[in-house]
Amino acid sequence: MAALSWTTAARIASRELRSSRGKFFFVILSVAIGVAALTGVRGFSSAFRRTLMVRARSILAADLSARMFQQPDALQVAQLHAISSNGVRMTPVTEMSGMATAYNSLDPLLVSLKAIDPSAYPFYGTVDLQPAMPLQQAVGGDNVAVGEDLLIRLKLHVGDRIQLGDAVLHVAALVLSEPDRLSGSFAAGPRILMTLQQLESTHLLAPGSRAGQRYLFQLPTRDDRTVAKLKTQLEGILPEAQVTDYRETNPAVTMALDRATGILSLVSLVALVLGAVGVAMAMRTHLLQRMDSIAIMKSMGARSSHVLRIYLIQTLLLGLAGGVLGVALGVGVQLLLPLLLAKLLGITPELHIAASAIVAGLATGLLTTLLFTMPPLLDIRNVRPILILRRTVEDNADDSAIGGLMAKVRRSGAQIVAGIVIAAGITLIATTLSDSKDVGRVFALGLGGVLLVLVITSTVVLALLRRLLNRTRGSLRPVVRHGLANLYRPGNPSAALLAAVGLGVMQIAAVFFLSHALVKELNLSTQPTLPNVFLIDVSPSEIDGVRALLAKQPTVHGTVEILPVISSRILKVDGTPAAQLKLQNYPKRMLQTASLTWVDEMPPGTRVVKGIFWHTGEQHAQVAIGERMAERLHVGVGSRILFAAPGAPDHPVDAEVTAIIKSDGQHVWSRAEFLLNRSALASLPMVYYGGVHADMDRVGELQRELFAKYPTVTVVNVAQAMETLRNVLQQVSLVVQFLAGFSIFAGLVILASAIAGTRYRRIREVVVLKTLGATRSRIAAIFSIEFATLGLIAGFVGLVFANLTARVVLRQLDLDYHFLALANLLSLLGVAALTVVTGWLASFRVLGQKPLEVLREE
Amino acid sequence: MSANPEHTLTPAEPSIRVSDLTKSIRNGTRTVQILRGISFDVAAGEFVAIVGSSGSGKSTLLGLLAGLDTPTTGSVTLDGTAISYLPEDRLAEVRGRLIGFVFQSYQLIPTLTALENVLLPHELNAPAKEQAAGLQRAKELLAAVGLAERGDHYPVQLSGGEQQRVALARAFILRPPIVLADEPTGNLDSKNGEQVMQLLLDLNRREGTTLVLVTHDPAVAAHAGRILTVRDGEVVHDERRVVHDERRQTDTTLPELV
């Protein structure tokens, strides 16, 4: 059977493309921007995530750490060695307390020792020394590096000698910061950093001495799955050890990055779908204009499949052109954004522009274009050749209602199948490309649902408008009446445009709401006054004085956080004595040292995961526990824990678990494992911990001031680590804002081009109106009313769904949703303005055209 | 379906048979009865003009004859094939094989050149191996309508009369047994209209096709051997006439066609 050859089809396709370059420019732009946003946002955010995660790892100085409570046995050592033979690096860190003296004095000072292997430690981050030198030079042989407070207290200088146990050591440098200071133990006393050999030479490490040992691990690859795998493996080998990965050490960073990744995945998908919607709209308009050609070809004996070839080729060409341009733009974005951000943030993410990403971009561009042009392409089958003879083809008044119904079902059947294929395709793209499978699935499902509701809503709104107009026809001004009537004029793609604009508004607004909520949350965790210096072992008699001293310090900013700490033991959990408890990766020994604190209400940086937090004045003993601790102890809301607080005899505190909490690890409260209400503990003996924010480079001054008045108080400087954290979070926030902004911009351009695309078919209408004597301003007024109404309806529907989406997604991400009244109002007006302005811009040429030019072409 | 679509052609059978044809369309909420039970036969080689005022249903009738639309009831049989209720793609094939169509507003594909427009039905319907012969015939037909030099021009570069001549050439490319024309001179001035009409008649005579032409112009209808008058969806008059057209006998200006 003869058929329209592919060559002829291609010839017609390419000539049509050339003859309507303007219109197809918008189509290509839509695809390009969608693909660009997808490749750009995806590539950049994953590169950024990798970079940030490396920084986040520096807070643990490793990918994983295993805190040991006893020496590993021979079998465990062998198993650990087996792990390291797979490319995993491992280094031990031993921390303990000891007494140091100046070499020529006898004043002893409690110090916190940290023994490391300087050739391996730290796996991530750096130890800042003064004078600056490599760690291997500062530590080893006779050399040690010490905290500045040690020199202050012992009145020594760099270069002096100290006596530590049996060893005499030479202070080679000051330790300004250690990357893992925040995750190590907060032992009292100034720091001495040394090698394991040096520690052994002091002979302080005797059996039974309270040394804490950690193993740090570094993986050859940096993906979270391998980390999780190794963690499980280590928990198996070392059942008594407390294994933590870098994600747990930085709940604030991990949460922020996870949320940002989720939201950015969504953002890039949104851009892509917007692009696709733009394409569908443009293709629909294009095919409407080509109805005559299609009808002619059909009257000459062309089958629908022949005609489909032409438009399939066109679609492929457009998708390809858009894809290529989009990938180029996306790569450009990836190359450009880091330059911008590098200036702003001072870090440059490692970039890999992988061939696979380019192929994925192209394939996605093509696939989405094909998917979304399917409904208009399928409509080709319904173009009847009789169109050439008679315009109104509203179909047969088929006497048999069943016949008519069947025809309708047949026609919409194909569209339903198309809808299903689109949904499946988008799900495939979303789940393949999204970094989070959940986000991909939720996105695809949500998109389908929302689109359906939008189409229904648009149809209903248009029907209502029509009824309203029928009633008020006489009383409206002609311009208004024409403008409104245009919306439901036969052939006007109002319902489709309403759905498209509504969907666009929904997605753009949702991106804004989501990124806004995330950024707001990030701002909370990047407040410049979060504590970065911790005070340990402040006695009740000193606390008021310390408070007063801190208040007077010019280097101290923000609130001073004070935490009462009561050392306690756990006697029973839910009636089971401590000795019989089955614990998960938690040595029973730890039950002997539970640190309790009391608070009147939920402290900042804390979130209740389960249960309810008490309010001021609660009389019954209640306890709030961190999620992780609750898992280890196998307790939930309603469980009871019996603590033994110090006293003679032990003072038992039987508290009910009323809240499982999550802390961002940024405040002093996260240092206590068990939070109780005031009345349960207030009368017991306690010491205080404090947290203040001091200027990073002036912590030394604060230490000296405190030491002068309160020599027994230990000052732990985590300013460096906190600064790293703050930077990372700020970077996440900036990246989210940047990429969301980019996506919003892309979305607006696409929306504008979708609207502009519909204007091309209005030439004839403009010409007729002009011929009948309508002035340009009158025509512009009619169009303005039509488009403003369209914008307002679409904007309203879109915003309703945007708020709903934001609410659902934010709940998933554990973030708070707030209705932003002003933003919503401005968005609504903005959408109306955008539709009108775009309408005008696109009609500008049309309005200027001489009627005869068009009529001659007709 | 009332007839066997693959019914074989016998010499005695008419070229076109219309039986009790009705057509109604829905326009908004109203149903409009356009054709109300029309029946007639057209013999092979006959030239029939369908006349009637605007809105009488003549163009709808022509559309149904061409299988461009489906009747509400009744049937159309072309060269022994009942076409009315065939599926769209089968109809397309029948149209390609049996019918040449000339429209009032030319209906050329704007993105194809004059030559490509003429060739299009051939491309759509003839076997691939005959494409070269098709091209040859398209060129000859273009020459026959006086546009040999304009083959590379796009429709927009041609005048109305020239576009309609291209459309004429296109209608004849497949040597269809039936040519249907809808107001072929309706958009042209009288001089161009007359020229197109003469070309149509000449081509028709040489190709020996059955010609059915819709017009409201008595001068055009006067060329036909039979005039069907349609009013309010019914044939109210069926007149057979003797035509004296000297040109039909004497014209030798057109080259013979392959």
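## Helix 10 of chain A

In this predicted model, helix 10 of chain A, which spans residues 291–299, is mostly covered, with seven of its nine residues buried. The buried residues are A:Ser293, A:Ile294, A:Ala295, A:Ile296, A:Met297, A:Lys298 and A:Ser299. Just after helix 10 of chain A comes A:Gly301, whose phi is positive, at about 105 degrees.

## The loop at A:Pro72

A:Pro72 lies in the loop of chain A between strand 1 (64–68) and helix 3 (74–84). Is A:Pro72 buried or partly exposed? A residue counts as buried when 20 or more other C-beta atoms lie within 10 Å of its own, and because A:Pro72 has 19 other C-beta atoms within 10 Å, A:Pro72 is partly exposed.

When residues up to four places away in sequence are not counted, A:Pro72 touches A:Val77, A:Leu80 and A:Leu238.

## The largest nonpolar core

The largest nonpolar core holds 315 residues, of which A:Ala145, A:Leu514 and B:Leu168 touch the most other members. Helix 9 of chain A (residues 251–289) gives the most to this core, with 23 residues.

For A:Leu514, the contacts that remain once neighbours within four places in sequence are left aside are A:Ile263, A:Leu266, A:Ala806, A:Val809 and A:Leu810.

Strand 16 of chain A, residues 622–626, is mostly covered, and five of its five residues are buried. In a regular strand the side chains alternate between the two faces of the sheet. In strand 16 of chain A, A:Gln622, A:Ala624 and A:Gly626 point one way, while A:Val623 and A:Ile625 point the other way, and all are buried.

Which strands of chain A pair with strand 16 of chain A? Strand 18 of chain A (residues 651–663) runs parallel to strand 16 of chain A and is joined to it by five bridges, whereas strand 19 of chain A (residues 674–677) pairs with strand 16 of chain A in the antiparallel sense over three bridges. A:Ile625 takes part in both pairings, with A:Ile660 as its bridge partner in strand 18 of chain A and with A:Phe674 standing opposite A:Ile625 in strand 19 of chain A.

Key:
Residues are numbered from 1 along each chain as its sequence is written. Chains are lettered from A and ligands numbered from 1 in the order in which they are written. This is a predicted model: local features need pLDDT of at least 70, side-chain atom pairs count only at pLDDT 80 or more; totals for chains, interfaces and linings use all residues. A residue is buried if 20 or more other C-beta atoms lie within 10 Å of its own, exposed if 12 or fewer, and partly exposed in between; C-beta atoms are placed from the backbone. Helices (H or I, at least four residues) and strands (E, at least two) are DSSP runs, numbered from the N terminus. Two residues are in contact if their C-beta atoms, placed from the backbone, lie within 7 Å. A nonpolar core is a set of buried Ala, Val, Leu, Ile, Met, Phe, Trp, Tyr and Cys residues joined through C-beta atoms within 7 Å. Two strands pair if DSSP finds at least two bridges between them.
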